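Please walk through the helix packing and the aromatic contacts of the model shown here.

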Amino acid sequence: MPGASYDMGLFEFLRRDEFVAREFSETAMISRMIEFEKHLAAALGAVGAVPKSEISAALRKLADFAPDTKLIRECTERDGVPVPELVRQLRAAAGAQFGTGLHLGATSQDLIDTALVLALKNVNAYFLSRLNRLGGAFERLSAEFGDVEVMARTRMQNAEPMLARFRIESWRRPLDSHRKRLESLGPQLERLQFGGPTGDRSRLGSRADDVARILADALGLCEPGHGWHSERDSLAEYASWNSALAGILGKFGQDVALMAQMGEVRLLNAGGSSSMPHKSNPIKAELLVSLARFNATLVSGFHQALVHEQERSGAAWMLEWMVLPQACAVSGASLVGAGSLGDSIAEVGGGSRNGRGGRGCSSGWCCRKPARFRARR
């Protein structure tokens, strides 16, 4: 089920974001599936597909329902999905005379996909908040260091002096377009999955669309008017967005790492070395580069998962579970890491301000190197 991941032990910090991890946790996902079933039952009662008295009695019995998550986990390995055992437990808790209306017209993928998009809805709000916060951090950097002169570099070679604000703006500006892209993706992502066993909603006949509309409203999701069991392009676009976001934050990290190499930036709480105590390693900057490259590998995996055979897939669907939560976790870790890196920048262009170099020479190296290598001014 969504949330599947691998324990990296000591190196879990490389990709972990606590908020994203909670949203995809076993507890959160099962809770959303239970919410789906309860709202589905209420919708079935509202349209008369099941007597309202039966639905009301079932919901009263389920008010304090606590799933046996250990058993659900064990049965998931057998069934491939957690839903059969979860539904069995729900029906047992509701009682034989009241449980027949539960899960009517739905299938496992309806629950799991809807639980996924509910998680994404919360994750997206979190991402937007983080993007706004990071944009503010870059604005503060520009206000403090924007008028400092640094050496512009093209193709990794010294070009000519420029103000630091232009480099900082190249970090900040893409955040705006990524925020707009995520907001436009929202309606495509945050939509109910409800197609039934074969995706055509046939189990509920003419009542199906009304049930779907009531269910979507109750869950705060869009109602697309059809099931989308095998149509995964919007999720693939979202995986691409995650990779692109990590990429622009990786560019920020790469720039800071190179600036640290040239003595153009001073970082607080930089990393130490086991054998060279004089070193101050730009760990936070390097982490952003690693996360960007990792997310780039994940998006290719999700594109492989686009190939859902016929009406519903098992293999492609499972691949999504392994990829998408990790992509979100990496994006969350990138946003947190970028904010932390921005806060750790204590000085920009230090070389030009401490007398080591001349005007426009942040590192001072061009004034220390042999005369035959010195660029003419």
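**Helix packing and aromatic contacts**

In H4, Leu 71, Ile 72, Cys 75 and Asp 79 meet Pro 84, Glu 85, Leu 86, Arg 88 and Gln 89 of H5, where contact means heavy atoms within 4.5 Å. By class, this contact of H4 with H5 has five nonpolar, one polar and three charged residues. The model is predicted: local features need pLDDT of at least 70, side-chain atom pairs count only at pLDDT 80 or more, and totals for chains, interfaces and linings use all residues. Residues are numbered from 1 along each chain as its sequence is written, and side-chain values use heavy atoms, with hydrogens and water left out.

The axes of helix H4 (residues 69-79) and helix H5 (residues 83-94) come within 7 Å and cross at roughly 135°. H4 and H5 are therefore oblique to each other.

The structure also holds eight aromatic pairs, with rings paired if their centres lie within 6.5 Å. The rings of Phe 138 and Phe 252 have centres 4.9 Å apart and planes at 85°, so this pair is edge-to-face (planes over 60 degrees apart). Phe 138 belongs to helix H6 (residues 108-145) and Phe 252 to helix H9 (residues 233-261), so the pair links distant parts of the chain, 114 residues apart. Both Phe 138 and Phe 252 are buried, meaning under 20% relative accessible area with a 1.4 Å probe, protein chains only.

For Trp 317 and Trp 321, the ring centres are 4.9 Å apart and the planes at 65°, so that pair is edge-to-face. Both residues, Trp 317 and Trp 321, lie in helix H11 (residues 315-344), four residues apart, about one turn of the helix, and both are buried.

Definitions and conventions:
Axes fitted to C-alpha atoms, helices over the stretch in contact; angles between N-to-C directions. Helix = DSSP H or I, 4+ residues; strand = E, 2+ residues; numbered from the N terminus. Parallel < 35°, antiparallel > 145°, perpendicular 65-115°, else oblique. Nonpolar A, V, L, I, M, F, W, Y, C, P; charged D, E, K, R; others polar. Phe/Tyr/Trp six-rings, centres within 6.5 Å; stacked < 30°, edge-to-face > 60°. Buried < 20%, exposed > 50% of the residue type's maximum accessible area, 1.4 Å probe, protein only.
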